[in-house]
Amino acid sequence: MRCQGPEIDIQCWPAITAPEVVKVALVWSVTEQMVADFENLSGVIAFGAGVDRLLELNALRDIPLARIVDPNLANAMARYVVAHVLRHHLRLADLMAQQQRREWAPISATPKYNVVVLGAGQIGSAVARALELQGFHVVRWVREPRADDDTAICGKKLLHAALASADYVINTLPLTSATRGILNGELFAECQRSCYLINVGRGEHLVETDLLAALSDGQLSGATLDVFMQEPLPAQHPFWQHRDIVVTPHCAALTDQHAVVAQVIENYRRVSRGLPMHHLIDRNRGY
């Protein structure tokens, strides 16, 4: 960053000697106390895709909040999702188990091709496109109609109809008060039996006990989870050893630092000139 923005005075927490001169903060996970001393803060940039925790901070209530938009992030997320859908669709776990038993028995792919993607933003749309290229039939669902997208379905009635034939449900939604706990027993019960769940949204989207119950009674055939209520996932958590759950350590897509640097510098310069930052968060919508 110093090479691309030599005029910018960069201070790294906690070794900040002059908090009163800080105009813009690039943050990942902060607390009220950590930002309380920045009395002249005029802009905050979220390093991660989720901003829900930042929106909850009173110290940042009146400060413009922007996010990083990295097209490579969406592509990486799409590759992650496609890999896990194909792993399940091609029954690779069964084939690997046969290898360990030295069994020679060809296994056909599952006849499962219907996908519901919850969310139609940059990530959800990239996931949908990637799956369609693999021959899957994809329906994207959004909570509210989008003026720039007339192909996504909206509303509980249409979601209910889509879930009834869903072989895979993939969550890419932002976390808001309306989406917290959306992956619950009621939604699982609406899915076609033996549906497979992939959550790359936020851990708080998932009601964990409801997932375990749905797996136990066969309503869901399995789940791939990259995000969790508590991270790192506690060593004693039942997800670790569950035979039908794949756990990955919040690594489905990692932000490209080069993309971050260019956008942070541009937004810093815009704040310095009294201009609004790019990619501002709508606090009313939560994303």
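Modeller: Helices (H or I, at least four residues) and strands (E, at least two) are DSSP runs, numbered from the N terminus. This is a predicted model, where local features need pLDDT of at least 70, side-chain atom pairs count only at pLDDT 80 or more, and totals for chains, interfaces and linings use all residues. Residues are numbered from 1 along each chain as its sequence is written, and side-chain values use heavy atoms, with hydrogens and water left out.

Colleague: Okay, how many helices and strands are there in the protein?

Modeller: Nine helices and ten strands.

Colleague: In what order do the three strands of the open sheet come?

Modeller: They run β1-β2-β3, with parallel pairing (two strands pair if DSSP finds at least two bridges between them). The edges are β1 (24-27) and β3 (65-67), each pairing on one side only.

Colleague: And how many bridges join β1 and β2?

Modeller: Four, with β2 covering residues 43-46. V24 has G43 of β2 as its bridge partner.

Colleague: Which helix lies across β1, β2 and β3?

Modeller: That's α9 (residues 257-272), at about 155 degrees to β1. Axes are lines fitted to C-alpha atoms, for helices over the stretch in contact (heavy atoms within 4.5 Å), and angles run from 0 to 180 degrees between N-to-C directions.

Colleague: New topic: is D148 buried or exposed?

Modeller: Exposed, because its relative accessible area is 63%; over 50% counts as exposed, under 20% as buried and in between as partly exposed (1.4 Å probe, protein chains only). D148 sits in the loop between β5 (137-142) and β6 (153-154).

Colleague: What share of the whole protein is buried?

Modeller: 46% of its 287 residues. The C-alpha trace spans about 65 × 45 × 35 Å along its principal axes.
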